[in-house]
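The entries follow the order in which I checked things.

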Amino acid sequence: MTETVGCLLIHGFAGDMNDILPLAKRLREEGYQVECPTLEGHGTTRRQMAKSTRHDWLRSADEAYKRLRMRADSIVVIGFSMGGLLAFHLTTTYPVELLITLNTPYKYWDVKEAMNYLREDFPTHSRRYMQGIGRIPLSSMVQFRRLLSETKPLLPKITTPYVLLQARHDDTVHAVSAEILASSVNDAASAEISWYENSNHMILHGPDKEEAIAHVMTKIKEHFASYATAADLPK
């Protein structure tokens with residue numbers, strides 16, 4: 001019997017599905033069932049963002065999980081940045097066969113790396129940071145911080161196989177977050193971190209994009225090798 005594998009991809013704070021679109025496209029091409037929700041209040045206006053809360057964001061992820069579950073026997077949850085925090089909540093609530101996070105925070109906003117990128121190309125990067133700051137309401141930042149603090153106590157409850165991808169020069173999340181997350185889950189010895197030396201926070205749009213996507217694909221196929229023969233897995 002062929003196992004149908006579904007992949008739920010959750011984008012980051014103040015982002016949208018474009019954050020994870022390159023990976024989502026590759027997964028679809030490989031034949032996996034894919035769900036990419038846009039979190040409540042995201043991808044629209046600053047006013048709509050301000051109206052949404054962390055509970056709304058979690059509900060969006062929750063509903064996406066349920067939709068995917070109707071089409072798939074086994075679920076892989078993949079969270080980028082804040083999406084990883086929501087992924088932890090889902091993994092402690094529902095059956096999840098494999099958990100993958102990319103540049104997910106435990107500690108966030110690495111000022112040193114941010115300044116490095118500003119120095120490299122001040123006109124381009126300063127514009128990006130100012131636009132980012134301008135579009136994020138203060139109330140949303142408060143909601144993000146509350147979500148982060150509420151997520152940390154869940155980590156010891158994570159028993160699902162866990163794969164982490166972390167850009168070494170992340171300009172938003174402290175890279176040490178990956179080590180803290182990996183050491184905080186229930187089976188810390190089996191958590192796997194893969195480091196990327198050339199990317200900043202937007203790892204799926206940077207120079208390590210193809211390497212990161214290939215790593216995710218490999219880990220999914222390896223994990224489900226026990227469910228199906230090589231012929232059964234998506235090509």
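This is a predicted model: local features need pLDDT of at least 70, side-chain atom pairs count only at pLDDT 80 or more; totals for chains, interfaces and linings use all residues.

Entry 1: I found six strands in an open sheet, ordered 2-1-3-4-5-6, with parallel pairing. I then looked up the edges. They are strand 2 (33-35) and strand 6 (192-196), each of which pairs on one side only. I also noted the twist, which averages 15° from one strand to the next.

**Entry 2: a helix on the sheet.** I turned to helix 1 (residues 21-29). Helix 1 packs on the sheet and touches strand 1, strand 2 and strand 3. I read its direction against that of strand 1 and got about 170°.

**Entry 3: strand 3 and its neighbours.** I asked which residue of strand 3 is the bridge partner of Val5. I found Ser74. Strand 1 (residues 5-10) and strand 3 pair in the parallel sense, and I have six bridges down for them. On to strand 4 (residues 98-102): five bridges join strand 3 to strand 4, and the two run parallel. Here I noted Gly79 opposite Thr101 of strand 4. I followed the chain onward from strand 3. It passes through helix 4 (residues 82-91) to reach strand 4, a β-α-β crossover that is right-handed.

**Entry 4: burial of strand 3.** Is strand 3 buried or exposed? I checked residues 74-80: seven of the seven are buried, so strand 3 is largely enclosed by the rest of the structure. I then sorted the side directions. Ser74, Val76, Ile78 and Phe80 point one way. Ile75, Val77 and Gly79 point the other way. Both sets are buried.

**Entry 5: helix 4.** I looked at what helix 4 lies across. I listed strand 1, strand 3, strand 4 and strand 5 (162-167). Helix 4 runs at about 150° to strand 3.

**Entry 6: helix 3 against helix 4.** The axes of helix 3 (residues 54-69) and helix 4 come within 10 Å and cross at roughly 60°. That angle makes helix 3 oblique to helix 4. I recorded the crossing as right-handed. I then listed who makes the contact. From helix 3 I have Trp57, Leu58, Ala61, Asp62 and Tyr65. From helix 4 I have Met82, Leu86, His89 and Leu90.

Terms used
Residues are numbered from 1 along each chain as its sequence is written. Side-chain values use heavy atoms; hydrogens and water are left out. Buried means under 20% relative accessible area, exposed over 50%, partly exposed in between (1.4 Å probe, protein chains only). Helices (H or I, at least four residues) and strands (E, at least two) are DSSP runs, numbered from the N terminus. Two strands pair if DSSP finds at least two bridges between them. A crossover is right-handed if, with the strands pointing away from the viewer, the path from the first strand over the helix to the second runs clockwise. Axes are lines fitted to C-alpha atoms, for helices over the stretch in contact, and angles run from 0 to 180 degrees between N-to-C directions. Angles under 35 degrees count as roughly parallel, over 145 as roughly antiparallel, 65 to 115 as roughly perpendicular and the rest as oblique. A crossing is left-handed if the near helix is turned anticlockwise from the far one by less than a right angle, and right-handed if clockwise. Contact means heavy atoms within 4.5 Å.
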